[in-house]
Amino acid sequence: DALYQQFLDALEAWRKNPLARRIVALTTAYVVSDGITLTSPYPPLERFMRRFWDHPKNRMDLRLAAMCDELTRTGELFPVLSRNPVDGMSYVRFVPAAEIDQVRWLSGDYETETSYHQYTSSLEGHWWRSPQHPDAGAASQVMLHYAVNRPIGCVRGESDLAPILPWLRYYSQWLEDRVRLNWAARVFLWFVKVPTAKIPEKTAQYRVPPEPGSIIVHDDAESWDLKTPSLAARDASADGRQFRYMIAAGAGVPLHMLSEAEGTNLATAQAQGEPTYRAYSARQRFFVYVLADITLQAYEFWRQSLAPGHRPKACTHADVVARTADINPNDNQSLAAASREIVTMLATLRDQLSAAGLPPSPELNRRTVEMAFRFAGEFLSEEEINALLSAC
C-alpha cells in the first residue's frame, strides 16, 4: 500500500541520496548528540535502569543513533521486549516498521493499541501483543509502538522525509540530466573533406584517429572541420537552487546546515537556525519519552516476575530523570551569564546582611547554590547540594 511504498522510498533515498542521508544524520546529531542518560531518585528503579541499559544484550547507549535514524526515516519505532524467565531481565529488539501491516486497538479508543501484525514468510504472519492487550500479563514478549508526524485520528506515523521524497527524486534526475548535457558538450567529430576518388584511401588512413599533438600534412584538396554539439543550454544554477529550497523547506533545515553557505552570514544563520533548533528540541523530548517508556515497560516486566511480597513500587515517567546535551550550544553562553548575574546578586545580598550585623543564613547559601546551578542548566539533588555546602 501507500505507507509501505513510502517506507521503501524513504529507505532508498537514505541509502542513495546524500541530501536525505544528511537530513537524517542532522536530526540524530542534535537529538542524540553526546548521548542521553536516564536516572531515577527511586533506588530500585535506578539499579534496574543500570542493569537494563548496560546489559550486553541491550547496550542501549549504542542503540540510540540507530533508533533516532529509524524514527526520522520511517516515523515509527516498533521495539519488542523479551523477558528472561530466570532473572526477569528484558532484552530489546526492533521490528522494521515496513513489516507491520496491521494495528489493532481497543474499540472506541484508537490510542490504546492492543496488537500488531507482522508479515513474515509464513502465510499467517505473526501477531504481537502490546502491554495494553487483555492477555499481556501472561506474555513473555510484548511489542511497543511509538510514532511521530501522526495526524490526529491516525495510528501510524510518517517519515520526516515524506514531504521531500518527490523533490529529492526531481533534483537527482535534474542533476543526472546536467551531467549528460555536460558530457555531450565535450563530444566532437572531425569532418575531413577530400576528393571523391580519395574517400576509400582516407577512410582507411583515418580509421584510427590521430593522437593529440600529431602533425598531419595534407594538400589543398584535403580540409578538416571540427563539429561540436550546439546544445544552447542556459545557466541552470537558479533551477537547482529552487530544488534545494524545496528540499530544505520540507525538511525544516536551512541550506547552510546542508553544507551550502551561499549568501549566509552569522546573523542570518542564527536567525534561520532558531526554528530548526526548536524542532530538534521537540523531537529530543519525544525521543527521551520513548527511551523512558521502554525502560519503564522493561522494569514492569521485571517487577511482575518477583514474588508479590518483594516487589518494589510501580513507577511512572515522573520517576525518571533524563540528562541530555544542549540542542543549541549558544544557549550555554546565555545560561552562564544568567548564572553569573544571579550569583552576584545573591552574594551582594549576603554581604549586605553581614554588614548589617545579621548572622549568616544557611538557607540563603542553599538558595545561592541551587539557583546558580539551575540558571546554568544543571539541577542538583538535595544530597549534592548538601555535599557542596559542607565542603565550603
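In this predicted model, helix α2 (residues 18-31) packs against helix α4 (residues 60-74) at an angle of about 130°, and their axes lie 9 Å apart. Helices here are DSSP runs of H or I with at least four residues, strands are runs of E with at least two, and both are numbered from the N terminus. Axes are lines fitted to C-alpha atoms, for helices over the stretch in contact, with angles running from 0 to 180 degrees between N-to-C directions. Helices α2 and α4 are therefore oblique to each other; angles under 35 degrees count as roughly parallel, over 145 as roughly antiparallel, 65 to 115 as roughly perpendicular, and the rest as oblique. The crossing of α2 and α4 is right-handed, a term used when the near helix is turned clockwise from the far one by less than a right angle.

On the α2 side, Val 24, Thr 27, Thr 28 and Val 31 meet Ala 65, Cys 68, Asp 69 and Thr 72 of α4, where contact means heavy atoms within 4.5 Å. Sorted by class, this contact comprises 4 nonpolar, 3 polar and 1 charged residues. Ala, Val, Leu, Ile, Met, Phe, Trp, Tyr, Cys and Pro count as nonpolar, Asp, Glu, Lys and Arg as charged, and the others, Gly among them, as polar.

Helix α2 also has a partner in helix α1 (residues 2-16): the axes of α1 and α2 come within 5 Å and cross at roughly 100°. Ala 13, Trp 14, Arg 15 and Lys 16 of α1 make the contact with Pro 18, Ala 20, Arg 21 and Val 24 of α2. The α1 contact with α2 has 5 nonpolar, no polar and 3 charged residues.

Turning to the strands, β5, β6 and β7 form an open sheet of 3 strands in the order β5-β6-β7, with antiparallel pairing; two strands pair if DSSP finds at least two bridges between them. Strands β5 (100-106) and β7 (126-129) stand at the edges with a single partner strand each, so one side of each is left without a neighbour in the sheet. Neighbouring strands of this sheet are turned by 40° against each other on average, direction ignored. Antiparallel strands β5 and β6 are joined by 6 bridges, and Val 103 has Tyr 116 in β6 as its bridge partner. These two strands form a hairpin with 2 residues between them, and Gly 108 in the turn has a positive phi of about 85°. Strand β6 (residues 109-118) pairs with β7 over 4 bridges, again in the antiparallel sense, and Ser 115 has Arg 129 in β7 as its bridge partner.

Leaving aside residues up to four places away in sequence, Thr 112 touches Trp 105, Leu 106 and Gln 132. Its C-alpha atom is separated by 9.2 Å from that of Ser 130, which is 18 residues away along the chain. The side chains of Thr 112 and Asp 109 are joined by a polar contact of 2.5 Å. A polar contact is a pair of N or O atoms within 3.5 Å; within protein, one must be able to donate a hydrogen and the other to accept it, and residues adjacent in sequence count only if both atoms are side-chain atoms.

Another open sheet of 3 strands has the order β4-β3-β8 and antiparallel pairing. Its edge strands, β4 (90-94) and β8 (141-143), each pair on one side only, and the twist averages 20° from one strand to the next. Strand β3 (residues 79-83) pairs with β8 in the antiparallel sense over 3 bridges; the bridge partner of Ser 82 in β8 is Gln 141.

Residues are numbered from 1 along each chain as its sequence is written, and side-chain values use heavy atoms, with hydrogens and water left out. As the model is predicted, local features need pLDDT of at least 70 and side-chain atom pairs count only at pLDDT 80 or more, while totals for chains, interfaces and linings use all residues.
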